[in-house]
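Welcome! Here is a short tour for anyone meeting this structure for the first time. Take a look at the view below, and then read on.

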2 protein chains.
Amino acid sequence: MILQACISERNINSVARMSRLVGKVLVAQGGGPTPVINQSIVGVALEARKFSQVTSIYGAVHGVRGIVEEDFLDLTRETTHNLEQVADTPSSGLLSTRDKPDEEYCARMFKVMQAHDIRYFFYVGGNDSSDTVRIVNEQARAANYELRAIHIPKTIDNDLQENDHCPGFGSAARFVAQAFMGVNLDNRALKGVYLGVIMGRHAGFLTAASSLAQKYVDDGPHLVYVPERHFVMENFLADVDRVYQKHGLCTIAVSEGISDPSGTPMITKLLGKEERDSHGNVQLSGTGALGDLLADEIRDQLKIKRVRSDTFGYLQRSFMGIQSDRDAHEAREVGEKAVQYAMWDNVDGSVVIRRPVLNYSVDYDLVPLEKVAGKTRHMPDAFINAEGNGVTEAFMNYCRPLLGSKMPEPHRLRAPMVKKILH
Amino acid sequence: MILQACISERNINSVARMSRLVGKVLVAQGGGPTPVINQSIVGVALEARKFSQVTSIYGAVHGVRGIVEEDFLDLTRETTHNLEQVADTPSSGLLSTRDKPDEEYCARMFKVMQAHDIRYFFYVGGNDSSDTVRIVNEQARAANYELRAIHIPKTIDNDLQENDHCPGFGSAARFVAQAFMGVNLDNRALKGVYLGVIMGRHAGFLTAASSLAQKYVDDGPHLVYVPERHFVMENFLADVDRVYQKHGLCTIAVSEGISDPSGTPMITKLLGKEERDSHGNVQLSGTGALGDLLADEIRDQLKIKRVRSDTFGYLQRSFMGIQSDRDAHEAREVGEKAVQYAMWDNVDGSVVIRRPVLNYSVDYDLVPLEKVAGKTRHMPDAFINAEGNGVTEAFMNYCRPLLGSKMPEPHRLRAPMVKKILH
């Protein structure tokens, strides 16, 4: 009865509110690629085709930059088959940008939208992209130009507010988990200290996902360091020493964004200099320096010979052939839902993913853009252990379903040892 | 008729030569893990079970070190199901070692083998492992101890003499190719220079495999540098500049082992110091330094802002979940064949893979250990382009079948551009 009541209410509301706005749909992608971001674009494009008030569906090339430069693909003239193939392809099919539009930039975007009679704007991206949607939306309102503007979430960092998790995270997490399964096997075959550096400037979810590689009791990662906790070199070395003494090996996962107690990024501290990207952020990715410098510390201070580090770099967000099917489906759905909110409910906002049941179902919701725009979600305390060098069971239970089905699984020989004769 | 004659002759020979030697089988793995090395171990274990003269099947833990220390698993007491599961697991299930036995070390191994009545010795490894088998074999002969000793090939470097290709290479090559498919997409979405450093000290096969990522005409890697050609910094920078001017981006694959015209490894040259591993070899893996330093050169000399480098590190040889099915099958077969040569033909040697038909069939053969032991195979000239900065079609045709079936494939949007209104 309650269920029926809900459905009825929603139906009535939808009919009452339905958008009659005739015009074009514009969809774009911003920020770092993910393995499933194209699913969202295709979700928008295919769903938008169903509405007669949509005159054309444009895709901006290179995100907001493509909007100011009027570089649009006419996705109305794209085959369904090819859209589906692109959906299965990682990275940003519409290409992306690191441009962070200010008010003036957004005003130029808005002018172009007006010129092309764009009435529905969907932007797939992280919290910066969400903020862009917010500004464009405000400018449209101020100009009395009717525009539906919806932000569609994506980020491998999993750091968007209001979301239980973000499309893109599950697939990147799966890559990291599978990588660490291999690392565990490799570091057991030829024993030593292994350190993997994972993406994540402010949020440690992706680094924490390495823990999903654990199957056997002595499997790594034995130590996990996330940006949510201060990184103290002495504690780190003591941790590594303890694990190494116990297992004869140590496998470590570290977020690129770890900082010392004063808030200085460890990469800056260890390098002795600061390298900044075009946004003025300290450059963390695209270099193996953090891993190398931490490995040097271990070698020098603990006198361990075999210390190796890998920086997972761009592979973790764009690798071809590793996807979480669940993540792909949800990335598709947030695109579809965005169009449905715009068309049936005639509202603006940011699509978010809720998880009413831990293991496992999702609901989609639309929240005001302000709730997501420019904000960062961190790992909850309950996901990080008391020592600040590992994750909790709560995190494992949270993360596991996101990796999708058919996870590969390592196996060990279990044959008995032979009695020695000579020794 | 000819076929029948062959079969008859082989049957006669086999019956005539068949080994009646009663005793144990010992199998071990040496050197760097591969994604399919366990297939070979399992191939040996399961095939050896069929012969009544085999009293037990032992697996040495940590390769030759496990032999001198008498650390043996009794694989006779391992379930078939678990063996099959381990076969599908990357890295070395019996664990591995970097020990390079000399005559004295081999003598100790030989003593242990005698004590345990080991009559069949199978060692899965690269050219060093092959040399170990050769020495043990000679010592057995000198002591009049009847021992069948067979080397089973494996190496992701693909650098064993006499082999068309080596088990392990196809899977690692597939990882590299899939990684570069993703890199191509990522570097197109956010344009810049991308440099991936691939394993390979003396042979460039694995680095060259990155070229299998090419699908669209402007796909990378646009430049490939292998150890078989001298690396000249000025030429490199000119190459990068040319590609960047043309495409607005440049994707590069580099072998860790590239050296300058005087033979000095580039990593040593750029670091300004030499770091050596426990064998006295210049340390190439387990550090992101080469990629970072080459990226610095590009940034400094060509004034390109967005330059990123990744070092693929240990992921390429142990990643869980990326295998070439063909590679896995062949790795299994070389293990089986090794046992068959020992049992039916009663001979020693190194199992090799031939390819009578380019696309595609294989034959297995046994060659004298001296032909493989301690030797390195390099990429043939016909596989490297005249400029020394890329591969030829001959290489692509050689490599493609080795990656196995069901390669993922990237797809691009092909929708037409919209006519600009404001610009």
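Two residues are in contact here if their C-beta atoms, placed from the backbone, lie within 7 Å. Please keep in mind that this is a predicted model.

**Where the chains meet**

**How the two copies are related**

- Chain B is superposed on chain A by a rotation of 180° with 0.0 Å of shift along its axis, and the RMSD is 0.0 Å.
- This is the relation of a two-fold axis.
- In chain B, B:Gly288 has the C-alpha nearest the axis, 2.2 Å from it.
- Both copies use the same surface, as 100% of the contact residues of chain B recur in chain A.

**Inside chain A**

- Chain A is divided into domain 1 (14-167 + 322-371) and domain 2 (173-321 + 379-403).
- Taken over C-alpha atoms, the centres of domain 1 and domain 2 of chain A are separated by 33 Å.
- Within chain A, 20 residues of domain 1 are in contact with 20 residues of domain 2.
- The side of domain 1 of chain A that touches domain 2 of chain A has seven nonpolar, seven polar and six charged residues.

Terms used
Residues numbered from 1 in each chain as written. Chains lettered and ligands numbered in written order. Predicted model: local features only at pLDDT ≥ 70, side-chain atom pairs only at ≥ 80, totals over all residues. Least-squares fit on C-alpha atoms with pLDDT ≥ 70 in both. Domains from an automatic or database assignment. Nonpolar A, V, L, I, M, F, W, Y, C, P; charged D, E, K, R; others polar.
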